[in-house]
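I opened my notebook to look at aromatic rings, the nonpolar core and a pair of packed helices. Here is what I wrote down, entry by entry.

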Amino acid sequence: MSSFFLLGWRQTAICFLMLAAVGMIAATYSLIAVPIAQEFQPSRMVLMLAMTVLSGTCAVLSPLIGNLMDRYSLRAMMVTGGLLLGLGYAGLSLAASFTHVLIVFGALIAPANVLLGPVASTVLLSRWFVVKRGRAIGIAIAGISAGGFLFPMIIQGLLDTYQWREALQLLGLVLALWTIPAALLVVNHPAEAGVPPDGAGEALPQVQAEMQKTVVSPLQVLSDPAFWMIAGTVAVVTSGMKGMITNLAPLVMDAGIDVSRAAALVSTYAGCSFLAKLTFAALADRLGPRILMSLALGGFSLGLACLTQSHLGYGVIALGVGLTGLLGGFMVPMESYLAPRVFGQHVVGRAMGLLTGAVLIALLCTPPLFGLIFDLTGSYKGIFWTFSLLALVTLLFVPSLRLHPRVP
């Protein structure tokens, strides 16, 4: 047990660090976008294309790389991801035009995001944990919020001290030192260290079933109704949260509230999201996924319903943002928790890659959809009610979700 404790939870800590590194990419783009915009003078729409390139490339790469993670060394792939991430930010410092910025995000930073992101953590932790898998995944996923909190201060400090090109070179070095040494400590599988997975004695039949090497093709995963139930449920909540947070400042202004107070709401949302992941870690293995999914869908629906009443004042908006982040935040680690149970540990990389790709497509569409509905109706009420009702409809299907690999 002591050997597993040292090695198994070390893998969780490594995944926390990796997810903190990729969690900062989108969270800090607005900071590095300022000097990039001053240098190359793109329009606001073109400036945001970097995030579109990032998400689109990740959506394409996630199924491909996820499949490879089931077959090849995760340690080597994570080391490669850390190297690409460091080179990516150093490469931004060499950009001679904004086109070069887009190329760097597509060719270096996006692959690093996949190699170090939730797909890799899910594959690794599903090998090491059975009984405490939810706890391990919840702790690791909390790294995303930690990175979004910590790295803005690091980046702003670098930008305040150095010219932007030098600052990004140093940031690349920081990220390489953050990720590569940790990745070198990855143990691909408990068998390599001569220890069993967590809970192997208590859940031997489940472990044996997960270790069956039945070949599962991408088509078989995509034809599984459980795949689309998980993808749809996660997409409704996570894309709705992204649409809400990216349109929060305009919502506050429309309610007649000083826009400076929107920053406190963003902090509230971030804090609640971080707390949600830690709460998920504490409750997942006790309550089970169906109860947590129901709480996530119900809380998310109630939170957006509160935001439809933004005219009632700042307190109602804060309540809606808090509920959305705290309870809706349970859905963020959900696909990582469900993939090993529903598809089997031996195919979790392929399943997670496909799930991530499907959810990323929804995330790409949602922020502009929120803006379009506002442009057409002059209000966000319609889109908030739509996502609130979608969550309630999705809630009806949760009891029928299969929680074990499909029998051929």
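Entry 1: I looked up Phe-280 and found it buried, with a relative accessible area of 0%. Buried means under 20% relative accessible area, exposed over 50% and partly exposed in between, with a 1.4 Å probe and protein chains only. Tyr-337 is buried too, at 4%.

I noted that this is a predicted model, where local features need pLDDT of at least 70, side-chain atom pairs count only at pLDDT 80 or more, and totals for chains, interfaces and linings use all residues. Residues are numbered from 1 along each chain as its sequence is written, and side-chain values use heavy atoms, leaving out hydrogens and water.

**Entry 2: aromatic pairs.** My search of the whole structure gave 9 aromatic pairs. Rings of Phe, Tyr and Trp (its six-membered ring) pair if their centres lie within 6.5 Å; planes under 30 degrees apart are stacked, over 60 edge-to-face and the rest tilted. Phe-280 and Tyr-337 make an edge-to-face pair, 5.6 Å centre to centre with 90 degrees between the planes. This pair links distant parts of the chain, since Phe-280 sits in helix H15 (residues 262–287) and Tyr-337 in helix H18 (residues 334–343), 57 residues apart. Helices here are DSSP runs (H or I, at least four residues), numbered from the N terminus.

Next I checked Tyr-380 and Phe-384, a tilted pair at 6.1 Å centre to centre and 35 degrees between the planes. Tyr-380 is buried at 6% relative accessible area, and Phe-384 is buried at 2%. I also found one aromatic cluster made by Phe-227, Trp-228 and Phe-343.

**Entry 3: the core.** Which residues touch the most other members of the largest nonpolar core? They are Tyr-89, Phe-105 and Phe-343, out of 122 residues. Such a core is a set of buried Ala, Val, Leu, Ile, Met, Phe, Trp, Tyr and Cys residues joined through side-chain atoms within 4.5 Å. Helix H6 (residues 98–116) gives the largest share of this core, 11 residues.

**Entry 4: two helices.** I came back to H18, which packs with helix H19 (residues 348–377) at about 135 degrees, axes 9 Å apart. Axes are lines fitted to C-alpha atoms, for helices over the stretch in contact (heavy atoms within 4.5 Å), and angles run from 0 to 180 degrees between N-to-C directions. H18 and H19 are therefore oblique to each other: under 35 degrees is roughly parallel, over 145 roughly antiparallel, 65 to 115 roughly perpendicular, and the rest oblique. Among the residues making the contact, I noted Phe-343 of H18 and Leu-355 of H19.
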